[in-house]
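This report covers one chain of a complex and the face that its partner presents to it.

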Amino acid sequence: MVDTFLLSRIQFAANISFHILFPTITIALCWFLLFFRIKYNRTGDEVWMRCYRFWVKIFALSFALGVVSGITMSFQFGTNWPGYMETVGNIAGPLLGYEVLTAFFLEATFLGIMLFGINRVSPRVHTIATVLVAIGTSLSAFWILALNSWMQTPTGYEMRDGVAYPLSWWAVIFNPSMPYRVAHMLLASGITAAFLIAGISAYRLLRGDHKPAPQLALKVGLLAAAVLLPMQVLVGDLHGLNTLKHQPAKIAAMEAVWETTAGAPFTVFALPNEIDRINRYALEIPGAASFILTHDWRGEVKGLNEFAGEHPPVAPVFFSFRLMLGMGMLMWLVAWTFGWMMWKKKSLPVWALRVLVLMTFSGWIATLSGWYVTEIGRQPYLVYGVLKTSEAVTSLARENVGFSLAVYLTLYVALLTAYISTLFVMARKSVLVDRPEDLPSLQERHNPLTQNTQE
Amino acid sequence: MLTGDAYWLPVIFIGLMGLAFLLYAILDGYDLGVGILLPNNSEPQRDLMIASIGPFWDANETWLVLGVGLLLIAFPRAHGLILYHLYLPVTLMLAGLILRGVAFDFRAKVPPHNKQLWDRVFKGGSLLATLAQGYMLGLFVVGFESTFASYAFAILSAICVTAGYSFIGAAWLVMKADGELQLRAARWARICLWLTALGIVAVSVVNPLTSANVFAKWFGSLAALGLLVIPVVCFFAVLIVDRYLAQFPFDNDFGCWIPFVGAVVIFILSFLALGYSFYPYVVPGQMDIWQAASASKSLWFILVGALIVLPAIIIYTIFSYRVFWGKTKELTYY
């Protein structure tokens with residue numbers, strides 16, 4: 001029987017999954033915009049402004065979707081998970097409050113100036129508006145990730161009569177997993193935006209856009225991806241070590257290790273079976289999991305059987321982790337190979353452009369699966385070791401939750417379709433406007449100041 | 001009796017929360033109102049109307065997040081209780097806000113033959129969100145009673161709030177638009193003003209008659225006579241705006257700001273009257289602010305931040321309105 005609990009969980013997962021798609025783009029895209037804007041300020045080369053103008057429209061659309069889906073989130077806690085705020089509201093409330101106060105207003109207000117104010121304010125003020133929006137989006141990520149990390153690795157509080165009270169705000173905010181999660185998510189956003197930029201620019205080139213802007217944006221996107229991916233692998237590794245220390249059950253589920261083992265193998269593929277508590281059809285690399293997690297081939301990895309009844313469902317965590325990892329590796333390979341080809345030959349062949357178009361949203365897949373690992377991996381807890389998810393759910397009738405879930409799902413499918421198709425419509429439109437003859441003269445584009453950036 | 005910060009922190013926070021909801025009603029009120037008024041028969045006018053709210057709607061909506069956020073932060077028990085009762089209208093409101101928020105961007109970016117569709121979505125979303133908000137306000141006022149009379153009152157409230165938002169939206173357009181659209185907005189504003197005034201009178205009569213508490217607060221003592229200032233000022237605001245709109249237009253666009261300022265005054269007074277009727281209850285008749293409040297340490301932490309950040313927010317919000325001061329021109333997207 002599908003009950004209120006399950007429906008509320010599906011609804012929360014749907015809301016947060018839909019929401020996170022857009023901040024994942026906008027957090028980093030705004031820094032790319034700032035880069036374009038500063039380049040234009042420094043060089044005066046019109047092509048940077050063209051990059052800015054095209055991408056700021058996509059930013060605006062993504063931002064709008066992020067804002068409206070985010071409003072849903074602020075109601076969600078009260079409507080479906082009243083036990084959450086009743087138990088840890090003293091901690092979660094102020095962190096959410098700081099997000100609204102320091103980030104939401106900043107980004108929303110200056111976005112107006114960024115989008116519509118370019119002819120009304122000086123270039124300096126317009127650049128500052130871009131800076132403030134970029135800071136706002138990153139600050140908002142900081143606060144919400146601080147809260148999420150606290151839910152994973154809570155510190156700096158005490159429980160009195162079943163309610164959490166803050167002891168040290170410093171310890172609450174800078175809890176053990178926070179620095180890793182923030183770094184991991186900011187990099188994920190950078191990579192997602194980089195592949196989006198590369199993918200849409202490749203699409204423009206394939207549609208016969210011969211202006212310099214898409215070529216340049218493609219370069220910027222590939223270069224950023226090539227730099228950020230190895231950093232992400234490093235940060236991801238550190239994040240894994242941190243999780244092993246604080247949430248060993250999650251790691252055991254990620255690796256589908258049932259018995260505590262020294263020299264645990266890395267399971268490339270398997271069908272974890274939670275009833276018999278074994279892996280079927282396992283393809284393993286001996287000792288590799290121990291090596292990755294403890295940096296020692298003979299290191300000990302705690303098995304799921306040590307956490308009987310207290311560990312997350314294994315299969316979804318196991319597969320999400322592999323999807324994230326596989327996607328990350330593929331993106332790394334693509335970024336380096338195509339980056340190298342671009343460096344050698346100045347342009348990419350048609351097949352490579354097609355691959356990039358296919359990978360336009362690959363960052364979304366990696367980011368979502370990463371979040372599934374960490375969020376499903378926290379189960380059965382809502383706040384690790386403090387509050388179980390099942391204890392926080394509303395007593396609403398399931399018909400109500402079923403109705404709202406149906407409304408949200410319908411909206412999300414429609415909006416996601418509209419969003420993706422609109423991005424490509426905008427790309428096609430841009431092929432037709434801003435023809436090369438409107439561009440500044442060749443001489444202007446080849447002045448010494450811009451030489452480096454043109455190459 | 002509570003003393004010290006356990007007493008006055010919740011008082012400060014109900015004030016801050018009230019301020020956030022009041023600013024939300026005024027600011028998102030006018031842009032939702034503009035959305036509701038979008039005419040079917042003129043695309044240039046729709047473009048101009050949406051252009052007039054373009055730079056602001058996003059920040060305006062953030063006041064709702066702050067208001068609900070403060071309810072969540074400062075009065076978590078009330079947050080859970082209120083949203084439990086308002087589950088379905090909240091869902092519909094959110095659906096409406098989502099639709100209009102994205103329609104704003106999609107309409108400008110999709111192929112031209114789809115633009116009208118997104119304009120309809122914009123209008124429908126604005127109307128849905130507004131009706132839901134009014135309905136929720138009505139249910140809140142009657143303390144979430146599950147009777148036929150309560151639902152009837154909530155529906156009345158939905159209609160009043162829709163009239164109120166349309167009025168402030170039309171007043172905004174009288175101020176920001178010129179030419180044909182401005183004349184049209186002035187006609188809309190006058191009709192909506194009367195509907196709004198009718199709604200305010202209806203709520204003011206029904207509310208004290210159905211709640212002994214509210215009755216006692218307004219008519220219980222001689223000192224309450226001083227409260228008469230609220231309906232009297234409200235009456236004159238309605239009168240002035242009505243006379244102005246009846247004789248519109250004036251030379252040199254004289255006083256184009258009068259309807260909007262009048263609308264703001266009416267909104268503030270109605271809000272004060274509602275707030276006074278229910279204070280210190282955060283859920284009327286069920287839970288007062290001290291029963292619902294979070295730990296003092298949490299309230300202190302957020303209060304310090306709010307006192308530093310809120311003035312900055314107000315300053316840069318004013319800056320943003322100054323950047324886009326004056327009559328709205330064709331939306332120059334960048």
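How many helices and strands does chain B have? Chain B has 13 helices and 2 strands, where helices (H or I, at least four residues) and strands (E, at least two) are DSSP runs numbered from the N terminus. The radius of gyration of chain B, taken over C-alpha atoms, is 20 Å, close to the 20 Å of the globule rule for 334 residues, so chain B is as compact as a globular protein of that length. That rule is 2.2 Å times the number of residues to the power 0.38.

This is a predicted model, in which local features need pLDDT of at least 70, side-chain atom pairs count only at pLDDT 80 or more, and totals for chains, interfaces and linings use all residues. Residues are numbered from 1 along each chain as its sequence is written, and chains are lettered from A and ligands numbered from 1 in the order in which they are written.

The pLDDT is the predictor's confidence in each residue, from 0 to 100. Chain B averages 87, and 98% of the residues score at least 70.

| Element of chain B | Residues | Mean pLDDT |
|---|---|---|
| Helix H9, lowest | 212-219 | 81 |
| Helix H6, highest | 115-141 | 92 |

For the complex, the predictor gives an ipTM of 0.83 and a pTM of 0.87.

Between the chains, 59 residues of chain A are in contact with 55 residues of chain B; contact means C-beta atoms, placed from the backbone, within 7 Å. Elements giving two or more residues to the chain A side include helix H2 (46-80) and helix H14 (398-432) of chain A. The largest share of that side, 22 residues, comes from H3(A).

Conventions: Two residues are in contact if their C-beta atoms, placed from the backbone, lie within 7 Å.
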